[in-house]
Amino acid sequence: MTVFKEHRPGTFSYVELASPDPNGSRDFYMGLFGWDVRDEDMGEHGIYTQFLKDGDVVGALYKLPQEQADAGVPPNWALYLTVENADQAVAKVKELGGKVIMGPMDVFEHGRMCVVADPVGAVCCLWQAKDHIGSARKDEHATLCWAEHMTSDVAASKAFYTGLFDWTTSAMDMGDMGTYHMMGHTPEAMCCGMMEITAEMGPVPPHWMAYFQVDDMAAIIGRATEQKGTVVVPPTGIPGGSFFAVMQDPQGAFFGLFQVGDQQDC
């Protein structure tokens, strides 16, 4: 177990769930991952709930604003990437052909953030940490372990993210599933993956998706379906003996599961 005190710029550092039914989402994920919660009254902005694992922050939850829901924004797990300077990062986003949706703005004494869309329309958040670094635990059971970008234009996405974060990329042949492009600071420190949206996938918009590591995928999926979660992509093996799956929670947000190695037959 590692408790993080900081996150390297250009790495995923936080996940935040926007839900139309925060109480329902809270119960679902507490039951799924065994998380505890800590609520903060934000006044006119409502209740902000932090998810905790053994007392350490691993994510958060808030009510999806009605104006966003009316505009077609679905329930979603937003991914945050740490940056050294939010204002400089926003300037770079614009230079690279991205769009600034919100910010930069200060979040009390916690940090400075902005919400951006890349050139293909996938949305993520940028975070300049002050008092709040983001998640204190990652890459272990019931915590964020991976991020995945589904894109309509691999070349455009590669150019944007390698330009924004000085990432390198490598390609993995996934056979019938196509080519998987991994991205990160070095070949030994990849933090996310990218795949092209194909016609077989249907009308899937470009997006980012959070993956949570689990020790026993079959048990977690069983727990999720008992709580009215839905299996979107069943457990699927990948090179190296690991497994992934994609789920949708009862409120409509999608998320991924990842199990390292071949600990069990999924």
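Biologist: How far is the sulfur of Cys 114 from the closest cysteine sulfur, and in which residue does that closest sulfur lie?

Modeller: A disulfide is a pair of cysteine sulfur atoms within 2.5 Å. In this structure the closest cysteine sulfur to that of Cys 114 belongs to Cys 125, at 8.1 Å, which is too far for a bond. Cys 124 is likewise in no disulfide, its nearest cysteine sulfur being that of Cys 125 at 6.8 Å, and the structure holds zero disulfides. Please keep in mind that this is a predicted model, in which local features need pLDDT of at least 70 and side-chain atom pairs count only at pLDDT 80 or more, while totals for chains, interfaces and linings use all residues. Residues are numbered from 1 along each chain as its sequence is written, and side-chain values use heavy atoms, with hydrogens and water left out.

Biologist: Are Cys 114 and Cys 124 buried or exposed?

Modeller: Buried means under 20% relative accessible area, exposed means over 50%, and partly exposed lies in between, with a 1.4 Å probe and protein chains only. Cys 114 has 0% relative accessibility and counts as buried, and Cys 124, with a relative accessible area of 3%, is buried too. Of the 266 residues of the chain, 47% fall into the buried class.

Biologist: How should I read the overall fold, and how many helices and strands are there?

Modeller: Helices (H or I, at least four residues) and strands (E, at least two) are DSSP runs numbered from the N terminus. Here the chain has five helices and 16 strands. Its radius of gyration, taken over C-alpha atoms and judged against a globule rule of 2.2 Å times the number of residues to the power 0.38, is 18 Å, close to the 18 Å that the rule gives for 266 residues, so the chain is as compact as a globular protein of that length. Along the principal axes, the C-alpha atoms fill a box of roughly 45 × 40 × 40 Å.

Biologist: Which residues does Phe 12 touch, apart from those up to four places away in sequence?

Modeller: A contact means heavy atoms within 4.5 Å. Phe 12, found in strand β1 (residues 12–19), touches residues including Leu 79, Tyr 80, Leu 81, Trp 167 and Trp 208. At 4% relative accessibility Phe 12 counts as buried, and its C-alpha atom is separated by 9.8 Å from that of Val 83, 71 residues apart along the chain. For the chain, residues 24 or more positions apart account for 59% of the contacts with a separation of 6 or more.
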